[in-house]
Amino acid sequence: GIWVALLISWTFIKYLIIWLSANLLSVSKLINVHFYEYIRISHFFYLLLTIGILLLSLHIPYQIQDWYNAFKTILVVAYILRTIILWYNANSFSEFRKLDFFSYLCVSEIIPLMIYIKMLFFI
């Protein structure tokens, strides 16, 4: 129950960040496209990651600690790929000035990615 509540809270906070940054830059048409792509890519990746972790823990449970660093790296690569895919899909959806679009992506994707990397690798 706690994990579900945290996941729902994180998703809601992410939607608020996307909504706020899109409205500040007057690109409110982009909110639904960006959030749909964010959820779609995240769910696909987390499904594959969960299946992989379950299979590893069933077959070699004593080595799961050894795989921890690999999973951290896979998560960072997946987040970077998700940011690139979101950038491509959102940029093809409507036209932006480059500075506005970069500001939007910084607020909605890049800054949370940097916070995640800091928490994952340096804490």
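Guide: Helices here are DSSP runs of H or I with at least four residues, and strands are runs of E with at least two. On that basis this predicted model has four helices and zero strands, which read along the sequence as α-α-α-α.

Visitor: Why is Leu 20 called partly exposed?

Guide: Buried means under 20% relative accessible area and exposed means over 50%; because the relative accessibility of Leu 20 is 46%, this residue counts as partly exposed. Leu 20 lies in helix α1, which covers residues 2-24.

Visitor: What makes Leu 20 part of a nonpolar patch on the surface?

Guide: A patch takes residues with over 30% relative accessible area and no salt bridge, with nonpolar side chains joined within 5 Å, and the 46% of Leu 20 passes that area cut-off. Leu 20 forms the patch with Phe 12, Leu 16, Trp 19 and Leu 24, and together they have about 530 Å² of accessible area.

Visitor: What makes a set of residues a nonpolar core, and which residues form the largest one?

Guide: The members must be buried nonpolar residues joined through side-chain atoms within 4.5 Å. The largest such core has nine residues, namely Ile 18, Ala 22, Val 27, Leu 30, Ile 31, Phe 35, Tyr 38, Leu 86 and Ala 90. Helices α1, α2 (30-59) and α3 (64-93) each supply at least two of its residues, and α2 gives the most, with four. A second, separate core has six residues, including Leu 49, Leu 56, Phe 71 and Leu 75.

Visitor: How much of the chain counts as buried?

Guide: Of its 123 residues, 32% count as buried.

Note on methods:
Residues are numbered from 1 along each chain as its sequence is written. This is a predicted model: local features need pLDDT of at least 70, side-chain atom pairs count only at pLDDT 80 or more; totals for chains, interfaces and linings use all residues. Side-chain values use heavy atoms; hydrogens and water are left out. Patches are made of residues with over 30% relative accessible area and no salt bridge: like charges are joined within 9 Å, nonpolar side chains (Val, Leu, Ile, Met, Phe, Trp, Tyr) within 5 Å. Accessible areas come from the Shrake-Rupley method with a 1.4 Å probe; for residues, only the protein chains shown count as cover. A salt bridge is a side-chain nitrogen of Lys or Arg within 4 Å of a carboxyl oxygen of Asp or Glu. Buried means under 20% relative accessible area, exposed over 50%, partly exposed in between (1.4 Å probe, protein chains only).
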